[in-house]
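Student: Please take one part of this model and look at it closely. After that, set it in its surroundings: what pairs with what, what packs against what, and where the chains meet.

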Amino acid sequence: MRATTTPPPSREPHRWRNTARFRRLGLQTTPGRIRALAAVVVLAIAGFYFVANIAVGNARDGLRVIGHDAGPQVLATGDLYFALSDMDSQVASILLTGREHSPGTRQQALHRYNQDRATANRAAIQAAELSADDPTDQATVRSILDGLGRYERLASQAMVLDAQANHPAGPPPRNVIAVYRQATDLMTQELLPPAYNLTLEGGATVREAYAAKRSAVLSGRLWVALAGLAVIAALAGLQTFVTARFRRRLNLALAVATLGLLLLTVSAVRLLSDQAAHLQAAKTSGFDSILTMARARAISNSLHADQSRFLLDPGRADTYSLAYLDKSQAVLYAASRNLGEYYTALGTAIKAYRANPRAVRFLGFYGDEARAHPGPAVTTLLSRFQQFQTDDQRIRQLTGAGHDRQAAMLVTGHSAGSPGYSFDQYDQAVVSLIVRHRGTFDQTIRAGDRELSRSVVGNWSVVLPLAAVGAAVLVAVGIRARLVEYR
Amino acid sequence: MHGRRAGAAAVVALALGLSMAACSASGPPSIVGKQTLRIGVKEDQPGLGLRLPDGRFAGFDVDVARYVAAKLDVRPDHITFVPVTSATRETALGNGSVDLVFATYSITPEQATKVTFGGPYYVAHQDTMVRAGDTAIRSVHDLKGKRLCAVAGSNSWKRVTQALNIAAVLAPAASYSACVAMLRDRRTDAVSTDDLILAGFAAGAGPAVRIVNEPFSYERYGIGIRKGDLSGCEAVNRAVSQMYLDGTAAALLQKWFGRTRLQLDTRVPQFEGCE
């Protein structure tokens, strides 16, 4: 072993090497240069750690917001909306039936009313828990529950008056309608809007988090790759200097550190690629469709209620049938100027879709859904929606011809051939699509979580600092033996 | 000194990467972040959007627009109000001559296919205005065979003759102010549109006209935004929520319609949703 401090003879000494600053840093001596190079390496490692930590943090934040906060919030508030809206639907149904309920139908509606109330309470509590860090949202949920208490009082009052009136199927007496109007206005103007707006807000939060976090993860991946390369280059530089200066083959500690960082960089880049892919899949294949279908379910339930209200309250029949048309078109838009045209346009649109599911010629929620997930589930959904609309048409024809009683009996029935039955069938198709998208969503979120906490090399929040410190220690070990020679 | 050179190269590459990342944030143009806004409002609807003799605009729509613009961090003197009509508002948004529309713009499924709607910031109800002496018209169904004013680009007359299939005879007009003049001159028998619009005109027309007071629809006043500006739509919705939470909506409704007989709803409406 021959140690030397003279620079290689082939090189001319650079002028800057003689400057005062250069000498002050001790760079004119070999130990000084080794220390300086090692410092560069350690700084590069620190930089890598910094960059990788931010990128992995972004991936984790994205998964948390989409998968564990706003995503579930959309589902909880969607359930809340549905349960509330269905309560009002059941009340309308009870009032429409009057005394002509076949054995058990009134009990059945009351039972469902109570079930809805329990669901609403559960969903509200869940929504409040999920918005624990947002006082405004929590206040909104609380005010919905307060309003629900008032709604229940009005609804029971209407039902008691209705039972006293002992009327045949069809519109109840005026005093009942007056109380029901108060109840339904409270529901549709005070309770349902904030619930729906919470769902939309969850959707906006997810969209924003997705846009920001996914691009942050992708640019973080570039940074990690570059920082990793910088560390490896710096380590290679140190290795070259040490082996050349000391005429040695390989500094083992430095080589191990280099190899370790190479592995770490590659797996970090891969992790970030996977995370970006999971975020994308959770958002576009799962969440977007959950949101679309949750909104479609909410609006559908509210148009179903408008169907009963149209029969229940003749004074507002125009209002409720116009609202019914607007909501139907929001669910599936087929150009039409009134309900009569809508039934026809709907039939034509669905027929064309069946013939060629690739060419979706309608808009609205189901236009989006049919374009995103063509397949038998959507075809079933569309058929059932159409069946419900066909039954609706029959109801309106009956009322148009003065058969209010018959129409009321049909609407409130739950046997095959009644709109009540076809609506339940249709709602099941909506729910089964939500369940399917939820499956995709949960699966991608779980995969993302798993990779972040239990990847090949272990938990990233442990692996990263350990690897960085380990690499720095190896560098210290690697140069220490050489520096000792100068003591 | 290869190591150091490679290190320097890596630093340069990092800097390049940074600038690349900064450039990659793009998307459709949004109203979010704009310093100035051109806002389309009506110029002839008292109480909602009216151009005053001095050229300024005043009304509920104008005040709501100012509030929302402030929430978008646009200074009051950086707002330009541009008069639009029911017939021009969709085109004005499409060709970019206005950024936002607050012009008693009812959200309809058909319009929603062409325009992104923020809000609604208020839900009005369609009603009918007739001459005070005309007692034959007591509900919208009594318009059968009567002359009904039809404003170009408006959805209101379509609600009557198309959606409800009531065979009224259409009397075309360019605006609701023209309709009211026609009603007084007996060139039309009825003006059917949102109760807020009718209330504003009724206040000016005095005892010559009468509102039937049989509302028959939900007219959801949307904020017209260029199709696809989702972040703009979400920002606008947050501003509208805020307007109801902080009491501004109630105060503005009281300011413009407090003296009418209208039942004012001071609870935040159900939003249309941005996508």
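**Pairing and packing**

Tutor: Within β12(B), Arg210(B) is the bridge partner of Val130(B). This is a predicted model, in which local features need pLDDT of at least 70 and side-chain atom pairs count only at pLDDT 80 or more, while totals for chains, interfaces and linings use all residues. Residues are numbered from 1 along each chain as its sequence is written, and chains are lettered from A and ligands numbered from 1 in the order in which they are written.

The part to examine is strand β8 of chain B, residues 126-131. Strands here are DSSP runs of E with at least two residues, helices are runs of H or I with at least four, and both are numbered from the N terminus. Five of the six residues of β8(B) are buried, so the strand is largely enclosed by the rest of the structure. Buried means that 20 or more other C-beta atoms, placed from the backbone, lie within 10 Å of the residue's own.

β8(B) pairs with two strands, pairing being at least two DSSP bridges. To β11(B), residues 190-194, β8(B) is joined antiparallel by five bridges, with Asp127(B) opposite Thr193(B). To β12(B), residues 209-211, β8(B) is also joined antiparallel, by three bridges.

β1(B), residues 37-41, pairs with β5(B), residues 79-83, in the parallel sense over five bridges, and Val41(B) stands opposite Pro83(B). β1(B) pairs in the parallel sense with β6(B), residues 100-106, over two bridges, with Ile39(B) opposite Leu100(B).

An open sheet of chain B has three strands in the order β2-β3-β4, paired antiparallel. β2(B), residues 44-45, and β4(B), residues 57-58, stand at the edges with a single partner strand each, so one side of each has no neighbour in the sheet. β3(B), residues 49-51, is joined to β4(B) by two bridges, and Phe57(B) is the bridge partner of Arg51(B).

For chain B as a whole, the secondary structure comes to nine helices and 13 strands. Of its 275 residues, 51% count as buried. Among contacts in chain B with a separation of 6 or more, 72% are between residues 24 or more positions apart; a contact requires C-beta atoms, placed from the backbone, within 7 Å.

Chain B also touches chain A: 35 residues of chain B are in contact with 41 residues of chain A. On chain B, α1 (2-23), α5 (156-163) and α8 (230-245) each supply at least two residues of the touching side. The largest share of that side, 11 residues, comes from α1(B). By class, the side has 17 nonpolar, 12 polar and six charged residues. Nonpolar covers Ala, Val, Leu, Ile, Met, Phe, Trp, Tyr, Cys and Pro; charged covers Asp, Glu, Lys and Arg; the others, Gly among them, are polar.

In chain A, take α6(A), residues 252-312, and its helix neighbours. The axes of α6(A) and α11(A), residues 404-412, lie 10 Å apart at an angle of about 155°. Axes are lines fitted to C-alpha atoms over the stretch in contact, and angles between N-to-C directions run from 0 to 180 degrees. α6(A) and α11(A) are therefore roughly antiparallel, a term for angles over 145 degrees. The crossing is left-handed, that is, the near helix is turned anticlockwise from the far one by less than a right angle. Gln307(A), Ser308(A) and Leu311(A) of α6(A) meet Asp404(A), Ala407(A), Ala408(A) and Val411(A) of α11(A). That contact has four nonpolar, two polar and one charged residues.

The axes of α6(A) and α7(A) come within 9 Å and cross at roughly 155°, which makes these helices roughly antiparallel. This crossing is left-handed. Contributors from α6(A) include Ala296(A), Ile299(A) and Gln307(A), and those from α7(A) include Ala317(A), Tyr320(A) and Val331(A). The contact of α6(A) with α7(A) divides into 10 nonpolar, five polar and three charged residues.

α9(A), residues 365-372, has as its buried residues Phe365(A), Tyr366(A), Gly367(A), Glu369(A) and Ala370(A). Their cover includes α6, α7 (317-331), α8 (339-355) and α10 (376-400) of chain A.

Terms used: Two residues are in contact if their C-beta atoms, placed from the backbone, lie within 7 Å. A residue is buried if 20 or more other C-beta atoms lie within 10 Å of its own, exposed if 12 or fewer, and partly exposed in between; C-beta atoms are placed from the backbone. Angles under 35 degrees count as roughly parallel, over 145 as roughly antiparallel, 65 to 115 as roughly perpendicular and the rest as oblique.
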